[in-house]
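Dear colleague,

Please read them with the structure open beside you.

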Amino acid sequence: MMFFIFFSHGQHLVLALNGERNSFKDQLPIQYKSHIQGDKWEGTAVIPLDYFPPTVSKFNAYAIHGSDLNRTYEALYPVPAGMYTAPDFHRLNYFRSIDFKALLHENWTRLPSSLWSGS
């Protein structure tokens with residue numbers, strides 16, 4: 001599993017995980033730019049195809065806004081309200097299917113990259 005975190009001032013963190021919370025590679029390089037305008041920001045990342053394991057089938061996306069008492073959490077596929085006391089972006093059972101084959105056909109048929117061959 002890949003875990004990408006992008007921040008408004010250009011910082012980023014890319015981790016390769018084997019299951020929940022089991023990082024086997026961290027600080028992977030990535031092309032990332034961010035732009036702040038007023039109270040909004042936008043980031044663009046180019047993620048190498050080799051960072052995705054072959055036959056990717058599950059996906060989720062998250063956002064964190066604000067700070068302290070004004071902090072809010074969003075998810076493309078959220079955990080049902082009231083199930084847990086704190087946000088947790090590692091709950092793989094709430095990830096949903098993605099047709100990665102249609103998005104990146106070459107990812108579906110290629111052999112594992114060196115990143116994944118030892119995981």
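The largest nonpolar core has nine residues in all, namely M2, V14, A16, L28, I30, Y32, Y51, L115 and W116; such a core is a set of buried Ala, Val, Leu, Ile, Met, Phe, Trp, Tyr and Cys residues joined through side-chain atoms within 4.5 Å, where buried stands for under 20% relative accessible area, exposed for over 50% and partly exposed for in between, with a 1.4 Å probe and protein chains only. Strand β2 (12-17) and helix α3 (114-117) each supply at least two residues of this core, with helices (H or I, at least four residues) and strands (E, at least two) taken as DSSP runs numbered from the N terminus. Leaving aside neighbours within four places in sequence, L28 is in contact (heavy atoms within 4.5 Å) with M2, V14, A16, Y51 and L115.

This is a predicted model, in which local features need pLDDT of at least 70 and side-chain atom pairs count only at pLDDT 80 or more, while totals for chains, interfaces and linings use all residues. Residues are numbered from 1 along each chain as its sequence is written, and side-chain values use heavy atoms, with hydrogens and water left out.

Turning to the aromatic rings, the count comes to five aromatic pairs, a pair being rings of Phe, Tyr and Trp (its six-membered ring) with centres within 6.5 Å, called stacked if the planes are under 30 degrees apart, edge-to-face if over 60 and tilted for the rest. F4 and F6 form a stacked pair, at 6.2 Å centre to centre and 5° between the planes; F4 is partly exposed at 23% relative accessible area, and F6 is partly exposed at 27%. The pair of Y84 and Y94 is edge-to-face, because the ring centres are 6.4 Å apart and the planes stand at 85°. F4, F6, Y32 and F52 form one aromatic cluster.

A pocket is an open set of points on a 1 Å grid over the protein atoms alone where a 1.4 Å probe fits, with protein on both sides within 12 Å along at least five of seven lines, and lining residues have an atom within 4 Å of a point. The largest pocket is lined by 29 residues, of which F4, I5, N60, A61 and Y62 lie nearest its centre, and the largest share of that lining, five residues, comes from β1.

With best regards
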